[in-house]
Amino acid sequence: MSSRSSPAPDRDVMSVHELESGYVSGSGSESSLPEIHFTKPHLAFLNRQLQFLEPQEILRWCITSLPGLFQTTAFGLTGLVTLDMLSKMKLPRPQMVDLIFLDTLHHFSETLALVDRVRSKYPLVNLHVYRPDGVDTAEEFAQKHGERIWETNDELYDWVAKVEPAQRAYRELQVAAVLTGRRRSQGGKRGDLDVIEVDEAGLIKVNPLANWSFQQVQDYIQTNNVPYNELLDRGYKSIGDWHSTQPTKAGEDERAGRWKGQQKTECGIHNPRSKFARYLQEQERKQKEEALQKALDALEVAA
């Protein structure tokens, strides 16, 4: 350790008080504070405790326990319930939870109209909108990536429209934890959903309404006059991009209208990040092989 002193306090060095006491406080240096980290036993303990709480109690726990907390939403019913519950807590500005909306450029017009109504209903909430990199319209998206790539290269579509914008948002906004709208009653991989999860990159995901049914969510929306997507009145229950969403039939799972006829059940942002890391590595390998083949072909022509 250098003995040279500095006229200004160094935030990367433990304070004299911390060195003397052996404890670290939030008002002291930042470098001596650990990142948010849950061991598996701690995570299991939290889930055992949180599963018995009402969503509002879970949200209060999140606000007081998780720095860097945001809500990711596509303005589905569950996300709207979460937003309304937070608005009723009368939180001071520093504790308010900002929203992150991934505009894939392929949402229904009804979804985009809902965004405007939500802004009007909850004017104090900050909304961060992230789009695919380098494009602002569906036409520009098609020019850059190809027509209907969700049919020709579904993984590429998930990456450029959802996963990359989400990762960019997390990085730029310094997101450490997110509130999601996932519930067990939605079926599929969500059937054994925990209230709190941690992904491969350490991002904390909290599902405050994990225990609620679709009917409970719908009842809350109606009782509290929460704005919702008009498509819900036309038989849609889970709404994503227009090209991969259909109404559900009586008796079908809530998300049965998503990617109908496919094995797919998630849009990408809730899949393991390693899946997309492998996909990108494979794409890079193919590009290198194509470039090498072109170079060899050029040599043959020159010869």
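Q: Do α3 and α4 pass each other in a left-handed or a right-handed crossing?
A: This is a predicted model, in which local features need pLDDT of at least 70, side-chain atom pairs need 80 or more, and totals for chains, interfaces and linings use all residues. Residues are numbered from 1 along each chain as its sequence is written, and side-chain values use heavy atoms, without hydrogens or water. A crossing counts as left-handed if the near helix is turned anticlockwise from the far one by less than a right angle, and as right-handed if clockwise. On that rule, the way in which α3 passes α4 is right-handed.

Q: At roughly what angle do the axes of α3 and α4 cross?
A: Helix α3 covers residues 55–65, and its axis comes within 10 Å of the axis of α4; axes are lines fitted to C-alpha atoms over the stretch in contact, with angles from 0 to 180 degrees between N-to-C directions. The two helices are therefore roughly perpendicular to each other, a word used for 65 to 115 degrees, whereas under 35 is roughly parallel, over 145 roughly antiparallel and the rest oblique. The crossing angle itself is roughly 70°.

Q: Which residues of α4 does α3 meet?
A: A contact here means heavy atoms within 4.5 Å. From the side of α3, the residues that take part are P55, Q56, L59 and I63. Their partners in α4 are T82, M85 and L86.

Q: Are α4 and α9 oblique or roughly perpendicular to each other?
A: The helix α4 spans residues 77–87 and α9 spans residues 214–223, and their axes come within 10 Å of each other. They cross at roughly 50°, and this crossing is left-handed. That angle makes the relation of α4 to α9 oblique.

Q: Which residues of α9 does α4 meet?
A: On the α4 side of this contact stand L77, T78, L80, V81, D84 and M85. Across from them, the residues in α9 are F214, V217, Y220 and I221.

Q: How many helices and strands are there in the protein chain?
A: Helices (H or I, at least four residues) and strands (E, at least two) are DSSP runs, numbered from the N terminus. Among the contacts in the protein chain with a separation of 6 or more, 69% join residues 24 or more positions apart. The chain holds 10 helices and six strands.

Q: What share of the 303 residues in the protein chain is buried?
A: Buried means under 20% relative accessible area, exposed means over 50%, and partly exposed lies in between (1.4 Å probe, protein chains only). In the protein chain of 303 residues, the buried share is 41%.

Q: What is the phi of K90?
A: K90 lies in the loop between α4 and β2 (98–102), and K90 is exposed, because its relative accessible area is 71%. Although K90 is not a glycine, its phi is positive, at about 55°.

Q: Where does Q174 lie?
A: Q174 is not a glycine, yet Q174 has a positive phi of about 55°. With a relative accessible area of 67%, Q174 is exposed. Its place is in the loop between α8 (154–173) and β4 (177–179).

Q: How far apart in space are H107 and H243, C-alpha to C-alpha?
A: H107 sits in the loop between β2 and α5 (109–121) and is buried, with a relative accessible area of 12%. Leaving aside neighbours within four places in sequence, H107 is in contact with F101, L102, L112, G240, D241 and W242. H107 and H243 are 136 residues apart in sequence, while their C-alpha to C-alpha distance is 8.6 Å.
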